[in-house]
Amino acid sequence: DRHAPRWHRTHARDGTSERPIGQSREASKRTRTADSSRGGRPDARTRRLHPSPGRFEFFKKVIRSFMSSRPPSARSGFASAASRAPSTPFDAGQKNVWTDVIDHNKSVAKQRGDSGRPDGVLFVVGSRGCGKTTLVNRLLYPDKTEVPKPTEGMEYNYARRAQSGSVGGAVDRKDVAHVWEIAGSRHFADEVTEQDNVFLGPRHVTTAVVAICVDLAKPHEAMRTAEYWLGRVHARCAKTFERLAARGSRLPEQLVRRSERVFANGGGGGGAAGGGVTHEDADSPLVRHSGVTVLIVATKHDAWRRTDPERMKVLVRALRFLAHTNAAGLFFLGGFGGGGDGLRSTDRSFPGDVNENVDDADEYPGEMRAQFNQFRAYLNHLMFAGADRKFPGKFAPRLDHLRPVTCPVGGDRLSAIGVPKGAETGEPLRAWRDVTSRMFPANVRDGDGDEGSKVTGTAPDLSKFPEREVDVAAKTAAAELAAFRRSQAMLR
């Protein structure tokens, strides 16, 4: 076959013909004439126009060689992954200095009892002016006493705690907790809580703690604020868990089971079901588990304690019911700083109906300091260790409405809270909502500041600082944003 002549085509007036390479046109013409004289039968060389079997096999080998040199496709990548050479120092089967460091860190974490827990995340939310910034400052800087400025948008801080090693108690690393404070504007909160990369997203839910601040100096807003933020937490967690479940993750189920376990054990702080006894409300249909740890923090208790004791009792029981049925903790704080955005306020929302038996010279300041120190220790435990770990200190719930309330997750009981008189069976939440709205009607003087306008409180008033170029650019950007939102709405 290798001695057979190669053929190529030549175009002539009488059609297309083939001739061996090196043969002249005259010789080719004579060959065609001889073929025609033999009755049109082609010469033996002419019958070799099609590839021979040997040449066909040669082409098959060339194609196989070409296909084997191509990079593996996505379909065959898994089959050939084991046969490929490692591309990074961390591939399976590799042994080098980097893998030694990783193995050493894993062994140290195992000896220390650390399971590689991600960084803690704390979200501080609540109504405008309830003391969120002061609370964050006191948590991070206990000696800081200056009155902070109101929060605009979101503010970020972080907390660190030294982690002792297993050898000699030496500090070998520091745990970090990220603290996010969200402004109190309701419109801004609606926008922020819809973003899973900002509020309770897949990266947050494992270690997230949400502190919902309510203002006791404005008792008519307390229930509404707590209900609103509890609803946002449940809705955001449901969407995040749905996304995780769509990927085949079992994390949502594990987080809900963890919340149920913490609630059944009384929050790990010696609560209503401490000592390994199952909580009597563990199987109650009224209790909802979001999957993350939630604390309701009632601020400005120093102004609240001057309210009439009977009215205090109603709101305290309503907040206890709301916290307990949402698997949340409840803490009353106050006595830090004066006025403004502090945790202390001299405002009397109902000056004609106060408790005149309160003595300013009693042990209240020391009691509130002890209350805050206990709350700070409990919150640090939740951020750095987790709610499923047992709280190392003594933590007995205190539910007396005349004193600052302290109740960890699962530290209360529905039988101890009760229901309002005349409440319909099966709707205790609506009954508590109605009785608190009658006891504490909305104060017109406050203007229902928690709702606010859609812009107030989220950005500074730029009209006080006119700049022609900046104002023109801002109006142009606002018009473009409005057009973009209209186009997005049309696509939905």
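Author: A cavity here is a set of points, on a 1 Å grid over the protein atoms alone, where a 1.4 Å probe fits but cannot get out; lining residues have an atom within 4 Å of a point. A volume is the space filled by probe spheres set on the points, which are joined across faces, edges and corners. This is a predicted model, in which local features need pLDDT of at least 70 and side-chain atom pairs count only at pLDDT 80 or more, while totals for chains, interfaces and linings use all residues. Residues are numbered from 1 along each chain as its sequence is written, and side-chain values use heavy atoms, with hydrogens and water left out.

Reader: What is the volume of the second largest cavity?

Author: The second largest cavity has a volume of about 80 Å³. The structure holds 6 cavities of 30 Å³ or more.

Reader: What makes up the lining of the second largest cavity, by class?

Author: The lining has 6 nonpolar, 3 polar and 1 charged residues. Ala, Val, Leu, Ile, Met, Phe, Trp, Tyr, Cys and Pro count as nonpolar, Asp, Glu, Lys and Arg as charged, and the others, Gly among them, as polar. Among the lining residues are Arg258, Gly291 and Val292.

Reader: Why is tryptophan 180 called partly exposed?

Author: Buried means under 20% relative accessible area and exposed over 50%, with partly exposed in between (1.4 Å probe, protein chains only). Tryptophan 180 has 30% relative accessibility, so tryptophan 180 counts as partly exposed.

Reader: Which residues does tryptophan 180 touch, not counting residues up to four places away in sequence?

Author: Contact means heavy atoms within 4.5 Å. Tryptophan 180 touches Val121, Leu122, Phe123, Val124, Met154, Glu155 and Tyr156, on that count.

Notes:
On a 1 Å grid over the protein atoms alone, a cavity is a set of points where a 1.4 Å probe fits but cannot get out, and a pocket is an open set with protein on both sides within 12 Å along at least five of seven lines; lining residues have an atom within 4 Å of a point.
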